[in-house]
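Take a look at the structure below.

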Amino acid sequence: KLPSNSPSATPTQLSSESSSPTIMGSDEPSLSQKPSHSPTVRPSSNPSDHPITMSPSQQPIMFMGGCPEQFEPFTSYIINQKVSRNGVIYLCFSTNCGSLLYTPGLDSGQWRETWEMVGSCNGSFAPTST
């Protein structure tokens, strides 16, 4: 009688040419094993000797002279109004420009949804006479 592939209620003895037990499995990892949840002693891949660099997505900003008014959060700005922050000039293109969330130049990058970086500046514009 051949052993079936379906489970049975009673264990089946497989014939073996040796009387020693057969070891199932191995200590070597296989591709079918799931990743462990604990860190390994060595990295899974070696860092590259030649890192990939990206070219800048924008041209360097142009120096535009004196700075317009400083950005102030919670201030009403109109579309096409320019402000400065840390020596950079920004142009408002949305109705949400005065929101603290969209403070130009923040690392979060959300400011890009309301402001466009248009140049750099130093000092302030000289007052104009009327």
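Start with Leu-101. Leu-101 sits in the loop between strand S2 (88–92) and strand S3 (115–120). Keep in mind that this is a predicted model. How exposed is Leu-101? Its relative accessibility is 42%. Buried would need a value under 20%, and exposed a value over 50%. Leu-101 therefore counts as partly exposed. Now look for Pro-73. Pro-73 and Leu-101 are 28 residues apart along the chain. Their C-alpha atoms are separated by 8.7 Å.

Stay in the loop and find Thr-103. Thr-103 also has its place between S2 and S3. Is Thr-103 buried or exposed? Its relative accessibility is 7%, so Thr-103 counts as buried. The side chain of Thr-103 has a polar atom 2.8 Å from the backbone oxygen of Leu-100. A polar contact requires such atoms to lie within 3.5 Å. Which residues does Thr-103 touch, leaving out those up to four places away in sequence? They are Phe-71, Arg-85 and Trp-111. Remember Phe-71, for we will return to that residue.

Next come the sulfur links. A disulfide is a covalent bond between the sulfur atoms of two cysteines. How many disulfides does a search of the whole structure find? The search finds 2.

One of them is formed by Cys-67 and Cys-121, with sulfur atoms 2.0 Å apart. The torsion about their S-S bond is about 100°, so this disulfide is right-handed. This pair links distant parts of the chain. Cys-67 lies in the segment before strand S1 (82–85), and Cys-121 lies in the segment after S3. The two cysteines are 54 residues apart. Both Cys-67 and Cys-121 are buried.

Another disulfide joins Cys-92 to Cys-97, with an S to S distance of 2.1 Å. Here the angle about the S-S bond is 95°, and the link is right-handed. Are these cysteines buried or exposed? Cys-92 has 0% relative accessibility, so Cys-92 counts as buried. Cys-97 is buried for its own value of 0%. Now count the bonded cysteines along the chain. The disulfides follow the pattern 1-4, 2-3.

Now turn to the aromatic rings. A pair of aromatic rings is described by the distance of the centres and the angle of the planes. The structure has 4 aromatic pairs. Take Phe-71 and Tyr-77, whose ring centres are 5.7 Å apart. Their planes meet at 20°, so the pair is stacked. The cut-off for stacked is under 30 degrees. Both Phe-71 and Tyr-77 are buried.

Phe-71 also pairs with Trp-115. What kind of pair do Phe-71 and Trp-115 make? Their ring centres are 5.9 Å apart and their planes stand at 85°, so the pair is edge-to-face. That label calls for an angle over 60 degrees. This pair, too, links distant parts of the chain. Phe-71 is in the segment before S1, Trp-115 is in strand S3, and 44 residues separate them. Phe-71 counts as buried because its relative accessibility is 7%. Trp-115 counts as buried because its value is 2%.

Ring pairs link Phe-71, Tyr-77 and Trp-115 into a cluster.

Key:
Residues are numbered from 1 along each chain as its sequence is written. This is a predicted model: local features need pLDDT of at least 70, side-chain atom pairs count only at pLDDT 80 or more; totals for chains, interfaces and linings use all residues. Side-chain values use heavy atoms; hydrogens and water are left out. Helices (H or I, at least four residues) and strands (E, at least two) are DSSP runs, numbered from the N terminus. Buried means under 20% relative accessible area, exposed over 50%, partly exposed in between (1.4 Å probe, protein chains only). A disulfide is a pair of cysteine sulfur atoms within 2.5 Å. Rings of Phe, Tyr and Trp (its six-membered ring) pair if their centres lie within 6.5 Å; planes under 30 degrees apart count as stacked, over 60 as edge-to-face and the rest as tilted. A polar contact is a pair of N or O atoms within 3.5 Å; within protein, one must be able to donate a hydrogen and the other to accept it, and residues adjacent in sequence count only if both atoms are side-chain atoms. Contact means heavy atoms within 4.5 Å.
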